[in-house]
Amino acid sequence: MKDLIFNIKSNKKIAKNTYEMVLLGDCTDIKCGQFVNIKIEGFYLRRPISVCCVEGEELTLIYKVVGEGTEVMANMESGTSLLVLTGLGNGYDLNKSGDKPLLIGGGAGVPPMYQLCRELTAQGKTPSVILGFNSYDEVFYENEFKALGANVIVATADGSYGVKGFVTDAFNMVDYTYFYTCGPEPMLKAVYNSSVTSGQFSFEERMGCGFGACMGCSCKTKYGNKRICKDGPVLEKEEIIW
Amino acid sequence: MVSLKTSLCGIELDNPLIPASGTFGFGYEFAEIYDINVLGSFSFKGTTKDPRFGNPTPRIAECKKGLINSVGLQNPGVHKVIENELPKLKKCFFKPVMANVSGFSVDEYVYTVKMLDSEPQIGWFEVNVSCPNVHGGGMSFGTSPEAAAEVVRSVKAVTNKPVIVKLSPNVTDIVAIARACEEAGADGISLINTLLGMKIDLKTKKPVIANKMGGFSGPAIKPVAVRMVYQVYEAVNIPIVGGGGVESAEDVIEMMLAGASAVQVGAANLVDPMACPKIIEDLPRVMEKYGIKNLKDIIGGAH
């Protein structure tokens with residue numbers, strides 16, 4: 001964990017209520033599947049945002065405007081400095097992926113799949129990617145995933161683009177050895193029930209500190225109590241109680 | 001040269017800074033990012049007789065200038081604390097630590113203190129009387145002078161270490177409760193715990209916190225804390241640990257002027273893990289600005 005100053009390189013809208021922010025700073029502490037916690041002037045608690053891409057000194061975050069804090073973030077201009085706590089959470093374990101990992105991202109859960117896809121393809125794996133959105137106007141990063149060489153399927157709940165339905169409706173279109181997923185809890189539950197292999201789930205919860213001190217985001221697992229921010233956000237399928 | 005030294009119930013502190021219980025775990029998360037031996041001490045995570053998962057989530061709600069928490073005393077129970085947490089604490093902190101204990105009956109307080117009493121690193125007990133008394137109709141021990149005094153008397157009977165009582169501000173007369181604790185043998189008073197609060201989400205039109213209410217802390221509560229420390233200082237002769245919304249060296253000085261011998265920092269640790277070392281580093285500059293040579297000399301200076 002490091003508390004560092006990053007500068008905004010760019011901040012732009014890429015889909016409905018969805019923004020991509022590129023930050024410049026010391027990324028040495030940042031791992032795939034982790035999150036950062038951003039101080040926003042005028043707000044007491046920081047905003048935890050998952051890591052979408054990290055390359056050299058560039059950290060890319062994709063966030064949805066869901067409240068007043070992210071609204072302020074959406075209006076930030078290039079050159080603005082931000083205080084960012086980096087290196088938070090456990091991140092994904094890539095060693096378990098097998099040759100044909102499946103990456104399933106839903107809405108604001110899509111971004112962490114991108115860095116994961118980059119690292120898996122760099123290892124010579126051929127990931128399949130299922131991206132779920134409510135509607136066509138929310139779809140983002142389909143081409144970015146394709147550019148990595150992944151087999152990409154997009155599902156929209158209203159059928160306005162790609163497969164009509166939920167991410168699980170596309171499960172029969174892919175062959176996989178292991179999976180990684182991030183998204184809203186109902187989606188994670190559906191993936192839990194429909195998946196045929198083991199896998200890793202990335203969770204979201206309201207956090208106080210983001211680094212394990214306050215016990216604000218605890219959950220029960222088969223292996224005891226865990227803090228989503230410190231012992232998670234990634235939990236293995238076998239330990240989740242649903 | 002200025003001096004940050006102070007003392008609390010006969011134990012010398014290098015400086016008055018004590019991270020508050022529930023915002024600092026058992027210290028080792030913070031030891032990853034700074035040497036926590038720069039602190040005066042810290043109060044470890046509220047410990048109970050039995051393990052507790054705590055309350056359902058969401059447990060955290062952000063507010064203006066603060067946050068509401070409803071963690072519900074999640075902790076592994078005193079036996080696991082002794083077995084797993086204290087050995088890890090010992091590896092990164094070499095000063096006396098404050099043991100924060102809670103209970104839902106007088107017997108539970110006594111049990112937990114008895115178990116921890118033989119741990120050499122524990123310098124003080126900080127007895128949290130804000131929990132509901134399950135044998136007293138669920139009313140918090142800290143809202144009745146008699147119930148608070150009974151906890152103090154019972155705990156004092158099983159330890160020779162200083163017993164500091166952490167008081168709840170959610171009472172009509174904090175002075176009466178502080179006096180009752182002093183008469184029952186308390187060695188110090190710690191205040192304030194969080195203020196009962198609520199936050200309603202305009203989208204869902206329901207309280208954010210799963211348990212609806214929670215404890216509000218952060219800079220917004222500081223004037224309430226300063227006032228209560230001031231009032232209690234006038235009423236008792238035992239030392240006071242002041243806390244509530246402290247996030248700067250100026251706040252530390254204000255709390256000491258009100259009557260605090262040592263100062264707790266709570267919510268600030270959660271938004272800036274470096275909050276305490278930053279305050280300690282800044283204290284000499286602010287002391288010089290206000291013509292203060294020894295922090296010890298200003299305790300209760302506002303009276």
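Chain A splits into domain 1 (2–88) and domain 2 (94–202), with the bounds taken from an automatic or database domain assignment. This is a predicted model, where local features need pLDDT of at least 70 and side-chain atom pairs count only at pLDDT 80 or more, while totals for chains, interfaces and linings use all residues. Residues are numbered from 1 along each chain as its sequence is written, and chains are lettered from A and ligands numbered from 1 in the order in which they are written.

The C-alpha centres of domain 1 and domain 2 of chain A sit 23 Å apart. Where the two meet, 13 residues of domain 1 of chain A and 13 residues of domain 2 of chain A take part in the contact (two residues are in contact if their C-beta atoms, placed from the backbone, lie within 7 Å).

Now for the inside. The largest nonpolar core holds 163 residues; such a core is a set of buried Ala, Val, Leu, Ile, Met, Phe, Trp, Tyr and Cys residues joined through C-beta atoms within 7 Å. Buried here means that 20 or more other C-beta atoms lie within 10 Å of a residue's own, with C-beta atoms placed from the backbone. B:Val127, B:Val152, B:Val165 and B:Val229 touch the most other members. Domain 1 and domain 2 of chain A both give residues to this core, so it lies between them. Leaving aside residues up to four places away in sequence, B:Val152 touches several residues, including B:Val127, B:Val165 and B:Cys181.

As for chain B, 54% of its 303 residues count as buried. Its C-alpha trace spans about 50 × 50 × 40 Å along its principal axes.

How values were computed: Buried ≥ 20, exposed ≤ 12 C-beta atoms within 10 Å, placed from the backbone.
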